[in-house]
Amino acid sequence: MTQLHLNNQYNNIITDIKRWTHILPQNFTELTQGGNSYTVKFYLHDIPYVYKRYKQRPNDHRNRFLSEVTALTFFHSANILMTPQLEYSDNQNNFIIYKFIEGRFLSQNELTKQAIEKAINFYASLDTATKYSADYHIIRAAESCLSLKEYIENIQLRIEKIKKIDLADFKNLLLDKL
C-alpha cells in the first residue's frame, strides 16, 4: 500500500471517528486488512478502541456490518461481557467502533483449570443466551457459532474440507503462501 493511500485511509478513519466523538484519536495501529474489513486500534484519553470498516464485495450479498452489530448488541444485552462492547455504529458509512479487549494465545503452561473453566463458562453463556437470540433478529455470519455444539460442528466441517484436499494441491497452496 502506498504512503499516499495509507494517509488517505487514515484521514478517512479520523473523519469517521470524529463524527462519533468530536475528539482527535491518537496512536493508530493497524490490526488487520483482510478481504472483508479493515481494522485499526486507536486511543481516546488513554482508552483503547477499535475502528472497523467493512468492505462490500461485488458478489457477496451478506451484510457483515449488520451481522456484527446485531451480535455485539445481543451479547451485551444477554450479559455476555467477554465480547467487545459496541460504542458506535454507522450503517451509512459501514463502520463500527468498539472498546478494545486485549487478547492473546495462551501457552501450554497457561492452560490451567481456571482458564479452561473460563472458556467453558463462555460457551455455556452462549448456549443459554441462544434461546433468546431470535428476539434480536441476529443476522448470522457465515461461520458464527452461538453454542458449543455449533462450534464443534464448524470444526468438523473444516476438517472434512481439509481431508478432501489433494496432497499436491495442498503443497502448492502452502508454497504459494510462503
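Which residue stands opposite I96 in strand 5?

1. Basis. This is a predicted model, where local features need pLDDT of at least 70, side-chain atom pairs count only at pLDDT 80 or more, and totals for chains, interfaces and linings use all residues. Residues are numbered from 1 along each chain as its sequence is written, and side-chain values use heavy atoms, with hydrogens and water left out.

2. Helix 2. Helices (H or I, at least four residues) and strands (E, at least two) are DSSP runs, numbered from the N terminus. Helix 2 spans residues 64-77, 14 residues in total. From first C-alpha to last it reaches 20 Å, close to the 20 Å expected at 1.5 Å a residue. That expected span is 1.5 Å times one less than the number of residues.

3. Its buried side. Buried means under 20% relative accessible area (1.4 Å probe, protein chains only). Buried residues of helix 2 include F65, V69, L72, F74 and F75. Their cover includes strand 3 (47-54), strand 4 (86-90), strand 5 (95-99) and helix 3 (113-130). Just after helix 2, N79 takes a positive phi of about 65 degrees.

4. Strand 5. Here 4 of the 5 residues are buried, so strand 5 is largely enclosed by the rest of the structure. Two strands pair if DSSP finds at least two bridges between them. Strand 3 and strand 5 run antiparallel, joined by 5 bridges. R53 has F95 of strand 5 as its bridge partner.

5. The hairpin. Strand 4 and strand 5 also run antiparallel, with 4 bridges. S89 is the residue opposite I96. Their hairpin has 4 residues between the strands, and N94 there takes a positive phi near 65 degrees.

Key
Buried < 20%, exposed > 50% of the residue type's maximum accessible area, 1.4 Å probe, protein only. Contact = heavy atoms within 4.5 Å.
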